[in-house]
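Hi everyone, thanks for coming. I'd like to walk you through one protein chain today, so please have a look at the screen.

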Amino acid sequence: MGALQTEIERRGERIFDLVDRYPEPLFSKAGFYQRMMALSMRDEHFKVQLFRFVDVLASLHRGTDIVQHLDEYFADMRNGYTPLIRTGVHAAKIVPWISGQLLRWNVSGMARQFIAGRNPKDVMKTLRKRRAQGIGFTVDLLGEAVVSEQEANEYTTRCLELLEHLGRETRDWTDPLGKNTELFPVVNVSVKISALYSQMNPADPADAIAHLAPKLRPILRRARDLGAFVNFDMESFAHKNATLELFRTLFTESEFRDWPHIGIVIQAYLRDAENDLLDLLDWGRARGTRFAVRLVKGAYWDFEKIKSRQNGWACPVFLQKPESDLNFEMLTRIMLENESIVTSAFGSHNVRSIAHAQALADQLGIDRSRFEFQLLYGMAGPVKRALVEMGYRVREYCPVGELLPGMSYLVRRLLENTSNEGFLRAKFSDNVSEDALLRNPADLISQSPNGARHVEVSGDGPSLDSPPGETYENAPLVNFVYPENQERMREALARVRTRLGRKYPLVINGDRVWTDKTIASINPTSPDDVVGHVAEAGIPEAERAVKAARDAFEKWSRTSFETRCRLLERAADIMHRRRFELSALEVFEVGKAWAEADGDIREAMDFCRFYAQQMRLIGRPRLTQHVLGEESYQHYWPRGVALVIAPWNFPMAILCGMTTAALVTGNTVIIKPAEQSAVIGAMLMEIFEEAGVPPGVLNYLPGKGSVMGAHLVDHKDVDLIAFTGSREVGLRIWESAGKTREGQRELKRVICEMGGKNAVIIDADADLDEAIVDTIYSAFGYQGQKCSACSRLIILEEIYPRAIERLLNAAASLRVGNPEEPGITVGPVIDGAAYKRILEYIDSGKNESRLAFQRGDVPQKGFFIPPTIFTNVSPKSRIACEEIFGPVLSVIRARDLDEAFEIANSTEFALTAGFFSRSPANIERAKAEIVAGNVYINRSCTGAVVGRHPFGGFKMSGGGTKAGGADYLLQFVVPRVVTENITRHGFAPETTPQYRDEFLGPR
Ligand SMILES: Cc1cc2nc3c(=O)[nH]c(=O)nc-3n(C[C@H](O)[C@H](O)[C@H](O)COP(=O)(O)OP(=O)(O)OC[C@H]3O[C@@H](n4cnc5c(N)ncnc54)[C@H](O)[C@@H]3O)c2cc1C
């Protein structure tokens, strides 16, 4: 064993000796909190319910509501405590007012264990007590999740007030150690950067800095005048780079360059923490003034893991606890070895991590007064006392705030304290031995890689029994938090810009075909700029394309489905290679923001790979039933020539989805992209040609829908029409395709996806932090031009005033502008016609409702419609019934949930819907009662992911089945069953094969 490990153990044992002299009230006292924690640690389901109940409680005001929620969360608990809980719930129901308030009081008590005071004045009691114990403080103002600039500005003001107050109240306080005091001002505040700016976007750290710096400068100036210390806390990974850059930017400014009383947090659970720390040290040396780093493990571990899994991103955090512990120790070493420039604060309750820092500091000859240990208010009291007794510098992190913003903090602490892997639980609840707690984390890291998404696939590959989405791994989204991805997007924009204005021919039977007329596709941000000129097909070209597709059908329909699947997969690979370029093109051609454009390309790749996978599942003739003496095989034949008519709003994804479904099932295809996105359509053609699609199998035919499109719809040789677009056109196609023409072989199949008038309901107990952000995104993301977008917001009367205030402020804070800039949320609408039509709707809204909000400052050039919100909207009014397809939101007030559901269901459409609530009973109602093809609970109502959220509606929203779902391909084929009597003179084989491949395609 090395000398350092021996010393760590010696120190650790000493700390434990001291710690054991005092009880840890969190785990030892028999109070309400302790009982709840004990139950949570034993029962995962109870823990989930408890944390959710705690989360909603602060927003409930009436005793009856509290008891109602209690009932919903706990009454059906299936565990050993049921009688106890049921009795409690029953008793609470008898006297709801008293029991509700009692519960609230008890849970507030839980929060008070971790929140040092309601306001700056209140917190002074705690700080004085700690001062008497030789413990310093850093005060953190609770108030994360600001949804608007108004809220961010309020937070900024409160920070200043806090500083003033602390400065005034601690004027005569001195350093507890009385040594190296110049490094450790008495007043120390911790600020959360995201609470100061509501529009932080990982793709655009420069914008964050431009907004945050002016807000922070007055705080920093005042802090410096008062002799205080300011620490930048670290939050989720998405904000990390901006926070680091902001820190470096501000403190390099001449005004702050020589100020040493500044600090920032490094999270050891992050894989790139070491690089960040080394960069900071280089920066610090170049700056020439000391600064501080608080080293922690990190408080958002579960969040980071979930978020990265959902988006298919590399997980930024270590997945094994000892890896974080080991990294903490490695970073401790780097910090202490650079003591000449950095003042270390070790933010941990873990005795091993603390003992390691102590032992290493000693080994390096660093006096214990030159660094500090920081611990959270309400936690690890005995550890703090032990450290003080050992003569170390201890600072307590004291959150200050009201109960409501405090709840998310409380839930984080509860999670931490009940975590199976946490030190405090291991030591104080599970009584793990000191030896085990002091072990070197390097010895505990398991060799088996864990945590990587593991897709269970049997030896034979995915089967019809596995959930379709489960065996499919989606393409990851581009994570714009990484500067290299921002750079690649910038380069792609610059490159694509040089190619604007090119000409694109039709592609028929593999030939490039030029016509007299062209369609100019323009940039909606800058309508003078032509993105490309596309040859316009007329009736003769349409005829040529149908003939080519018809001729190619015979061979393609008999091409093995495996060959067709591989074509799709090659196309996906090409899209992957050209991903940034394609996204950049979407920015120019249809005005998509970066992340929206990337999402579209990702979805297109997913369609290719998912449909290839699904085709492999249904491709082979499959035995229908085991029966002696007879065998029956069901299988699918392609329908013939497919016409794909696509919209411009998901210019690659929707076009590609319909096209690939048709191709992989053996149909030949004519694609008619929207005129507004015809260049992206040309790119899809190019990609499939590169992937090796045979001539005639896929034909690119942009042109006027009303002429050439209508001709094709009516054509006797077109067997299938896959359409996504407006209701008006969809219904016309539906009707027209229903007529049988002379010489027509098949009844035409129409797959029709149309619009929506989607509602989001905000229930009385909803978490407004989430509901507002998600609703704003659902309504105004891509300018409201998604068929899934929220255009009606129904708010329950009880929560209406607060919700509407936050909603309007949030809308006023949105970033509107040229989507070439990273981090823009609202860009231009697609073209002049849309612009005019949406403005007309806004005018009509002004006559029938109250214009509650309209952005004033949108760019004058380009088709920019100001984000607009109407209130007092009658559910029967025009703006509440017709699809607007623009950034216009109608807000409707509902008396109760019955009325809310009634309003939501009262349109002719049924595409998407959203419901925000924390009532399990109401959530169940929403699942059952909301009439929509895709119902989203407690999240935005846009952004369906292939395989995960099969997408599509009914009523007047569509007559197809779910795109990106298991049954989508079945619409592109005709089913066939072949039955053979295999009995000869009473004799039949015992077994029949599961699959037969003899009659795969039509001969
Ligand atoms: C004074 C102070 C200030 C803080 N400020 C911040 C801040 O600004 N930002 C911030 O994010 N956190 C902050 N924290 C919280 C801190 O990051 C830890 O969450 C917390 O202190 C627990 O770590 P520990 O060393 O005390 O306990 P331990 O029990 O040793 O460690 C628990 C931590 O290990 C990590 N972990 C748990 N499971 C795994 C796993 N399976 N794989 C890998 N890692 C795992 C997590 O980070 C978890 O919080 C602060 C903590 C303190 C004490």
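This is a predicted model: local features need pLDDT of at least 70, side-chain atom pairs count only at pLDDT 80 or more; totals for chains, interfaces and linings use all residues.

Residues are numbered from 1 along each chain as its sequence is written, and side-chain values use heavy atoms, with hydrogens and water left out.

E24 covers residues 868-871, and strands here are DSSP E runs of at least two residues, helices H or I runs of at least four, each numbered from the N terminus. On one side, E24 runs antiparallel to E23 (residues 850-854), with four bridges joining them. Then E24 is joined to E25 (residues 888-894) by three bridges, and this pair runs parallel. For pairing, DSSP has to find at least two bridges between two strands. Thr-868 turns up again here, as its bridge partner in E25 is Val-888.

And where do the side chains go? Thr-868 and Phe-870 point one way from E24, Ile-869 and Thr-871 point the other way, and all of them are buried. Buried means under 20% relative accessible area, exposed means over 50%, and partly exposed is in between, with a 1.4 Å probe and protein chains only.

Asn-872 counts as exposed because its relative accessibility is 51%. Its phi is near 50 degrees, a positive value in a residue other than glycine.

Tyr-782 also has a positive phi, near 45 degrees, and is not a glycine either. You'll find Tyr-782 in the loop between helix H29 (768-780) and strand E22 (790-796). Is Tyr-782 buried or exposed? With a relative accessible area of 1%, Tyr-782 is buried.

Asn-440 sits in the loop between helix H19 (434-437) and helix H20 (483-498), and is partly exposed at 23%. Leaving aside neighbours within four places in sequence, Asn-440 is in contact (heavy atoms within 4.5 Å) with Gln-5, Leu-326, Glu-329 and Arg-352.

One more residue: Val-342, in strand E6 (residues 342-347). Val-342 is buried because its relative accessibility is 0%. Beyond its neighbours within four places in sequence, its contacts include Leu-281, Phe-291 and Met-335.

Let's zoom out. The chain has 34 helices and 30 strands, and its C-alpha trace spans about 100 × 80 × 60 Å along the principal axes. Why does its radius of gyration agree with a compact globule? With 1003 residues, such a globule would have a value near 30 Å, and this chain has 32 Å. That radius is taken over C-alpha atoms, and the globule rule is 2.2 Å times the number of residues to the power 0.38.

Of the 1003 residues, 60% count as buried. Among contacts with a separation of 6 or more, 77% come from residues 24 or more positions apart.

That's my tour; happy to take questions!
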